[in-house]
Amino acid sequence: MSIDSNTPATAEPVGVDGEIRTPLDAAIDWCGRGLAWLVFLAMVISVTEVISRYVFDSPTSWVHETTVFMIAIIFALGGPIALARDKHIRVRILYDTVSEKVRKRLDVFNSIITFLFSIAMSYAAFVLFWRASHNPSGAWQLERSGTSWNPPFPALTKGIILMALAIMTVQSILHVIKAIRAVNENKKNEES
């Protein structure tokens, strides 16, 4: 495809969707690509269970809970991965109609809101995980599913949610810093 030299250039949005902004984001993106294989593994386990149940009349008790746990991991860690790839929800109709200067300020505002959300949700996740990992007397005891297999997946899932939100909190701090630096650089460029 060739670009016609008579066609006017359009301004690119400042915050390019999918931009990896920090080394932490790059590491999370890399881990996310490996984590995506859990979907395939969950499918293989589910297909094996269907064959075992309906062909060999030998159902298992662990497949459903394991599959749900793996998918829960994917959903929980989807937040940090989306934030790392800058694929979170953004009101594009507003963002795309303002100047570059305003966009950079919106990036600061968005990063601060993300930080506040992440810190509040991290606290809530900590409370849930604490209740799932300690009995009423305060001793370590993981919440279990209550089925015949009875794995500690409920407590582990809540721990992974806490970890994901803690990662998002750190990411959002780094994003706030980067967004503020971009605003300051923009001011320096305007002054010179």
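This is a predicted model: local features need pLDDT of at least 70, side-chain atom pairs count only at pLDDT 80 or more; totals for chains, interfaces and linings use all residues.
Student: How many aromatic pairs does the count come to?

Tutor: The count comes to 5 aromatic pairs.

Student: What makes the pair of Phe69 and Phe153 stacked?

Tutor: Two values decide it. The ring centres of Phe69 and Phe153 are 4.2 Å apart, and the planes stand at 0 degrees. Rings pair if their centres lie within 6.5 Å, and planes under 30 degrees apart count as stacked. So this pair is stacked.

Student: Which parts does the pair of Phe69 and Phe153 tie together?

Tutor: Phe69 lies in helix H3 (residues 63-84), and Phe153 in helix H6 (residues 153-191). The pair therefore ties together parts that are 84 residues apart in sequence. Both Phe69 and Phe153 are buried. Ring pairs also link Phe69 and Phe153 with Trp149 into a cluster.

Student: Why is the pair of Phe129 and Trp140 called edge-to-face?

Tutor: Here the centres are 6.4 Å apart, and the planes are at 65 degrees. The limit for the centres is 6.5 Å, and planes over 60 degrees apart count as edge-to-face. The pair of Phe129 and Trp140 is therefore edge-to-face. Phe129 lies in helix H5 (residues 100-133), while Trp140 is in the loop between H5 and H6.

Student: Is Trp140 buried or exposed?

Tutor: Trp140 has a relative accessible area of 57%. Exposed means over 50%, so Trp140 is exposed.

Student: How do you know that the span of helix H2 agrees with what it should be?

Tutor: H2 (residues 37-54) has 18 residues. At 1.5 Å a residue, they should span 26 Å. The end C-alpha atoms are 26 Å apart, so the span agrees.

Student: Why do we say that the buried residues of H2 line one face?

Tutor: The buried residues are Leu38, Ala42, Ile45, Glu49 and Ser52. Seen down the axis of H2, they fall within an arc of 90 degrees, so they line one face of the helix. An α-helix has 3.6 residues a turn, so residues three or four places apart point the same way. The buried residues of H2 pack against helix H1 (23-35) and H3. On the other side, Trp37 and Tyr54 are exposed.

Student: What is phi for Asp57, and what is it for Asp86?

Tutor: Asp57, in the loop between H2 and H3, has a positive phi of about 50 degrees, although it is not a glycine. Asp86, in the loop between H3 and helix H4 (92-95), has a positive phi near 55 degrees.

Terms used. Residues are numbered from 1 along each chain as its sequence is written. Side-chain values use heavy atoms; hydrogens and water are left out. Rings of Phe, Tyr and Trp (its six-membered ring) pair if their centres lie within 6.5 Å; planes under 30 degrees apart count as stacked, over 60 as edge-to-face and the rest as tilted. Helices (H or I, at least four residues) and strands (E, at least two) are DSSP runs, numbered from the N terminus. Buried means under 20% relative accessible area, exposed over 50%, partly exposed in between (1.4 Å probe, protein chains only). The expected span of a helix is 1.5 Å times one less than its number of residues. The arc is that of the directions from the helix axis to the C-beta atoms. Contact means heavy atoms within 4.5 Å.
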